[in-house]
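Please walk through this protein model with the text beside you. Keep the sequence and the 3D view open as you read.

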Amino acid sequence: MEDVIIIGGGVCGCSLLYELSRYKIKALLLEKENDVADGTSKANTAIVHAGYDPEAGSKMAHYNVEGNRLMEQLCADLDIMYKKIGSLVVGFDETDRKNIEKLYIQGNKNGVPGLRIVEGEELFRMEPALSRDIICALYAPSAGIIAPWEFAIAQAECAVAGGARVELSAEVTGIKKEGDFFIVSTVKGAFEARYVVNAAGVNSDSVNEMVEEKSFTIHPKRGEYCVLDTTEAKLVNLVVFPCPSALGKGVVVTPTVHGNILVGPDSTDCPRGSLENTAEGLDYVAKNALRCVPGVNLRASIRNFSGIRAHPDRDDFIVGESEHVAGFFNIAGVKSPGLTSSPSIARDVAGMLLDKGLDASPNPAFVAERSVVRFKHLSEENKQEAIRRNPLYGTIVCRCETVTEGEIVDALRRPLPPRSLDAVKRRCTTGMGRCQGGFCGPRVMALIAKYAGLSQTDIPLDKEGMYIITGRTKGKRTAL
Ligand SMILES: Cc1cc2nc3c(=O)[nH]c(=O)nc-3n(C[C@H](O)[C@H](O)[C@H](O)COP(=O)(O)OP(=O)(O)OC[C@H]3O[C@@H](n4cnc5c(N)ncnc54)[C@H](O)[C@@H]3O)c2cc1C
């Protein structure tokens, strides 16, 4: 019997698993996909929001500002790419100026540090790429950018190294309360736990309904993006937002920690799982990005993607124990700024579980930190030293992103080893560059097959069933 089962391996579930692994608590995370961070947590704007957007007094406001505060140290501990570059919310007219002033007041109430309204020469010195039609902006120096999927993966890796368990490809199909414990059924069999935490993202309402009457509804909203090549990296220094509207924070133009420029998202109601890109969505993104930053070069787009917001039927996160089923907790309706808020939500929910009487003594095996080699970021001297230590760092597999065989093998040997091309991409950045994996894909596939002892026909692009090769068409019929 587990102490805690977490349903869903997005950034919220993985942050909670990491947090629980500090204590002598038996925790198991069940994820329906073949990797963690394969839902909304891999497809968002990757911004660590400052916290002026959410209404003062809301859970969102508290978790956002606290999550932002925790992020720098956590990213240092977990060796996550993170840059505190600051953000601007720009205004074109006096109506926007009034909204910016409201955000400034709200941000101060929420405890956001260093907020300032800037205009004129100072504004254009800070961000020369802005449209000259912009009259003022709210500057938030505590906003940042992060590798969101890596943040979730790193926490899951540390938790597993510290004794927690993760079951992948384990979709939860039912939950039954039996006395003072739960039986959680999955496609891989049943698991038992004293407490269950529902962190199933867009599916959190249906998972909640496995134990109680409908108490909230998720209305999925899709956001589409363009990723621009690293040739555009110098376009903007800061995260540039327009004034927010009823549709959300609006189309952002932002650098990424990987050196690209990200442009998006729009906001459209959609069915669950509807991750397509549409001409209308991308036109909307392009038009609105160009309004704030006229130099956005959409011809340098190397990839489109979309992510789905778990938009709840209220304007706040749903975090805490169910009112009807003792021992069942929700981390639900976690739309933006959920990525930023995740560490603070995790600490809070871990505290609620400890208050229930779980063993709060420290786990002697707790793994707080990890470090990874990112060959391309090493100095020339350290590159030579890395190759001397491990000659696999001397073989480049992904030419666009300069990723070495050594880094891929490192990832394949860490806890939660990747079993798909995209799982390696999320850990090592292979295939994130201009050729989008055209060159390195087969070599990455061969490495997964070698180190995992799998046939190449068993290795999908991403989720189960997304197979790339199904067998030989020519030559000797040997194992692939
Ligand atoms: C377009 C867009 C832009 C955003 N931009 C930002 C931003 O810049 N900054 C920010 O702070 N936030 C942002 N967010 C919000 C942020 O991405 C989310 O709040 C966060 O990723 C939610 O994490 P999660 O763990 O709750 O959900 P998810 O990442 O969706 O994880 C839920 C997991 O549960 C699994 N699951 C579902 N059903 C089951 C089941 N039955 N059994 C087992 N597993 C199951 C799923 O496979 C998934 O892995 C954005 C969101 C979107 C969509």
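This is a predicted model: local features need pLDDT of at least 70, side-chain atom pairs count only at pLDDT 80 or more; totals for chains, interfaces and linings use all residues.

Residues are numbered from 1 along each chain as its sequence is written, and side-chain values use heavy atoms, with hydrogens and water left out.

Start with the domains. Domain 1 covers 1-81 + 143-217 + 313-371. Domain 2 covers 87-141 + 221-306. Domain 3 covers 377-458. These bounds come from an automatic or database domain assignment. Over C-alpha atoms, the centres of domain 1 and domain 2 are 28 Å apart. Their contact (heavy atoms within 4.5 Å) takes 27 residues from domain 1 and 30 residues from domain 2.

How much area is buried between domain 1 and domain 2? The figure is about 2,100 Å², and carbon and sulfur atoms give 63% of it. Buried area here is the accessible area (1.4 Å probe) that two parts lose on being put together, summed over both. On the side of domain 1, T45, Y52 and I145 lose the most area to domain 2. Together they make up 32% of what that side buries.

Now look at the polar links across this interface. The rule finds 11 residue pairs in polar contact between domain 1 and domain 2, both residues at pLDDT 80 or more. A polar contact is a pair of N or O atoms within 3.5 Å; within protein, one must be able to donate a hydrogen and the other to accept it, and residues adjacent in sequence count only if both atoms are side-chain atoms. Helix 2 (59-78), strand 8 (144-146) and helix 6 (204-208) each supply at least two residues of the domain 1 side that touches domain 2. Helices (H or I, at least four residues) and strands (E, at least two) are DSSP runs, numbered from the N terminus. That side of domain 1 divides into 16 nonpolar, 8 polar and 3 charged residues. Here Ala, Val, Leu, Ile, Met, Phe, Trp, Tyr, Cys and Pro count as nonpolar, Asp, Glu, Lys and Arg as charged, and the others, Gly among them, as polar.

The count between domain 1 and domain 2 is 1 salt bridge. A salt bridge is a side-chain nitrogen of Lys or Arg within 4 Å of a carboxyl oxygen of Asp or Glu. D205 pairs with R272, with 2.8 Å between the closest N and O atoms. D205 lies in helix 6. Is D205 buried or exposed? D205 is buried, at a relative accessible area of 3%. The cut-offs are under 20% relative accessible area for buried, over 50% for exposed, and partly exposed in between (1.4 Å probe, protein chains only). A polar atom of the D205 side chain lies 2.9 Å from the backbone nitrogen of I218. Leaving aside neighbours within four places in sequence, D205 is in contact with F216, T217, I218 and R272.

The structure holds 37 salt bridges. One of them joins K463 to E33 at 3.8 Å, N to O. K463 lies in the segment after helix 12 (441-452) and E33 in the loop between strand 2 (27-30) and strand 3 (47-48), so the pair ties together parts that are 430 residues apart in sequence. E33 counts as buried, at 13% relative accessibility.

K42 has two partners to follow. Its side chain meets D38 at 2.6 Å, N to O. K42 also forms a salt bridge with D462, at 2.8 Å between the closest N and O atoms. K42 is partly exposed at 23% relative accessibility. D38 is buried at 4%, and D462 is buried at 4%. A network of salt bridges links K32, E33, D35, D38, K42, R426, R427, D462 and K463.

Two more places deserve a look. In helix 1 (residues 11-20), 10 of the 10 residues are buried, so this helix is largely enclosed by the rest of the structure. R222 sits in strand 13 (residues 218-228). R222 is buried, with a relative accessible area of 7%. Its side chain makes a polar contact of 2.7 Å with the side chain of S274.
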